[in-house]
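This briefing is meant to be read with the sequence and the 3D view open side by side. Please take the topics in order and find each named residue in the view as you go.

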Amino acid sequence: MQLPRFEYVRAASLDEGLAALAKHGADAKIMSGGSDLLVNMKMRLDTPRVLISLGGIAELQDIEELPDGVLRIGAGCRLTDVIAHPGVSARFPALRDAVAAVGSRHVRNIGTLGGNLCLETRCWYTNQSEDWRKARDGCFKTDREACHVIKTASRCHAINSSDTAPALIALDASVVLAGPAGRRTVKVLDFYRDDGVQHTILAPDELLVAILVPDDGRRAVFAKLAQRVGLDYAAGSFAASLRGPADAPEAVRLVLNAVGAAPKALTESERLLMASGLTDEAIEAAALGARQSLGEVTNLFTPSGFKRRLVKALIRDALVTLRDQTA
Amino acid sequence: MGKQLITLTVNGDEYELAVASHHTLLDVLRNQIGLTGTKRGCTAGSCGVCTVNGERGEAILSCLSLAVEWDGRSVTTIEGIRQGGELHPVQQAFLEYGAVQCGFCTPGVVMSAKALLDVTTSPSEDQINEALAGAICRCTGHIKIKKAVRAAAAVMRDNEARDDG
Ligand SMILES: Cc1cc2nc3c(=O)[nH]c(=O)nc-3n(C[C@H](O)[C@H](O)[C@H](O)COP(=O)(O)OP(=O)(O)OC[C@H]3O[C@@H](n4cnc5c(N)ncnc54)[C@H](O)[C@@H]3O)c2cc1C
């Protein structure tokens, strides 16, 4: 597959990037590492007239440990560099595990954390070349009010496969967004919308600048199952965090991804574990409750029935690991 | 949408090139410079046959990297890893262990293995698996490939010991 033609703009600073975005608006697309965007452009899912590269913006590529314990990761940091950072491994092993679960080493040498959070959603129909897709009419994500995966759908259910999103949500992280009117900081969970076509709250003139990970004493775990370890998108991914003792938690956060257009906070199961602690029975009930709360699940490489069964096992095993780590 | 002038160093040689913005590093290496050792496979990052080594020696997918982004930078391809006229230890080991079947994936696998062994010549099994997971052989399996990588590591360790001693 060859790339479509476009005009290339390399921003030397954040201000230049924002100015280019303001000028070209909906005609433009942002590129960080390009490992997601260029594939989608080759498949003609995206054909921007202008491509704005953030690769030359040094201020997006820093990792800092702030005095209040917050780890600030620039959106343009390569995944390999996030893994190698001593503060990440020492203080946020679940984040390191999630970053290390993204694609292959080759992909992580190109891909960035900001790009991973903004990762385009996919389903088995859209994640194909243009020629393949032409065998059928389009869908919500391309050019038609229809869905080939969930036939009764009234919107796009393409799957959010970001591995780092659930881990960052479990860690209560935030993202810093910059636009013409200034900056805003939102929780990673609130960054997403449950719509495969417009799956983040980013305005067309906004950029993701940094990720803020607070250190409030939570311990966290990340788990993923994919067909080929070290290459494929998740069939299911899950992150959980716990503050306080496992039998009397002060805070519990459970987040599932790769089941719908947005990462899913399992609030019912969280309440259950808060009330009874991480006992075997409560863990089983939390995992089952999560499975039952799924609603319609989109197929991406793995049928939705498999995903449902997987979700329960993934959650149960990860919660046992989290509890035993804490004990 | 015109072309852009870039300076790109490939295997130590500097090239001045007018590249189209939509051409990847792979396109330019193969079609403009004529170095066809780097292969074009899935063109979507999944197979690893287009792997080259970036400035830090890291494995890079040249099919998912725009050539214009390489202005002023340097890259090493399979054609550039011979050392003083001799095959690189990884290449030599692939020959000796028959870690090649049709050969199409070989340049990418060799560049992926080299990226690992440039960082450590005593890689663990997990590190070898991780380094090679993005470079896929579709003919056979990775058993002989991994044997060759371990053998190359041993040769490189010996070379290091000799250089130190
Ligand atoms: C073979 C292969 C396997 C993969 N496996 C996985 C996997 O297992 N898990 C996974 O999560 N991902 C996977 N990916 C997808 C991708 O490589 C990673 O998600 C990567 O982290 C994306 O980062 P990037 O910088 O390359 O993104 P880009 O391609 O540069 O951008 C991705 C999207 O985010 C937008 N964007 C990027 N940066 C910003 C910003 N600062 N502000 C606003 N918008 C922005 C872009 O416009 C684009 O829509 C895989 C990719 C390949 C090719």
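Predicted model: local features only at pLDDT ≥ 70, side-chain atom pairs only at ≥ 80, totals over all residues.

Is A:Leu314 buried or exposed? With a relative accessible area of 10%, A:Leu314 is buried, because buried means under 20% relative accessible area.

- Although A:Leu314 and A:Phe238 are 76 residues apart in sequence, their C-alpha atoms are 7.0 Å apart in space.
- A:His157 sits in the loop between α8 (130-133) and α9 of chain A, and with 11% relative accessibility A:His157 also counts as buried.
- Apart from neighbours within four places in sequence, the contacts of A:His157 are A:Ile150, A:Gly260, A:Ala261, A:Glu296 and A:Thr298.

**Nonpolar cores**

- The largest nonpolar core has 38 residues, and those that touch the most other members are A:Ile73, A:Leu95, A:Leu117, A:Leu168, A:Val175, A:Ile211 and A:Val213.
- Helix α9 of chain A, residues 164-170, gives the most to this core, with five residues.
- Not counting residues up to four places away in sequence, A:Leu168 touches A:Leu95, A:Leu113, A:Leu117, A:Ala173, A:Val188, A:Ile211 and A:Val213.
- A second, separate core has 34 residues, including A:Leu37, B:Ile33, B:Ile60 and B:Val68.

**The ligand site**

- The ligand is surrounded by 35 residues, of which the closest are A:Ile30, A:Ser35, A:Leu37, A:Thr112 and A:Asn116.
- Because the surrounding residues come from chains A and B, the site is shared between chains.
- Within chain A, β2 (28-31), α7 (113-118) and β8 (207-213) each supply at least two residues of the shell around the ligand.
- Sorted by class, this shell has 17 nonpolar, 13 polar and five charged residues.
- One oxygen atom of the ligand lies 2.7 Å from a backbone N or O atom of A:Gly33, and an N or O atom in the side chain of A:Asn116 is 2.7 Å from an oxygen atom of the ligand.
- A nitrogen atom of the ligand is 3.3 Å from an N or O atom in the side chain of A:Tyr233.
- On its own the ligand has 980 Å² of accessible area, and the protein covers 97% of that area.

Note on methods: Residues numbered from 1 in each chain as written. Chains lettered and ligands numbered in written order. Heavy atoms only, no water. Near = heavy atom within 4 Å. Polar contact = N/O pair within 3.5 Å; in protein donor to acceptor, adjacent residues only side chain to side chain. Areas by Shrake-Rupley, 256 points an atom, 1.4 Å probe, with all protein chains shown as cover. Helix = DSSP H or I, 4+ residues; strand = E, 2+ residues; numbered from the N terminus. Nonpolar A, V, L, I, M, F, W, Y, C, P; charged D, E, K, R; others polar. Core = buried A, V, L, I, M, F, W, Y, C linked by side-chain atoms within 4.5 Å. Buried < 20%, exposed > 50% of the residue type's maximum accessible area, 1.4 Å probe, protein only. Contact = heavy atoms within 4.5 Å.
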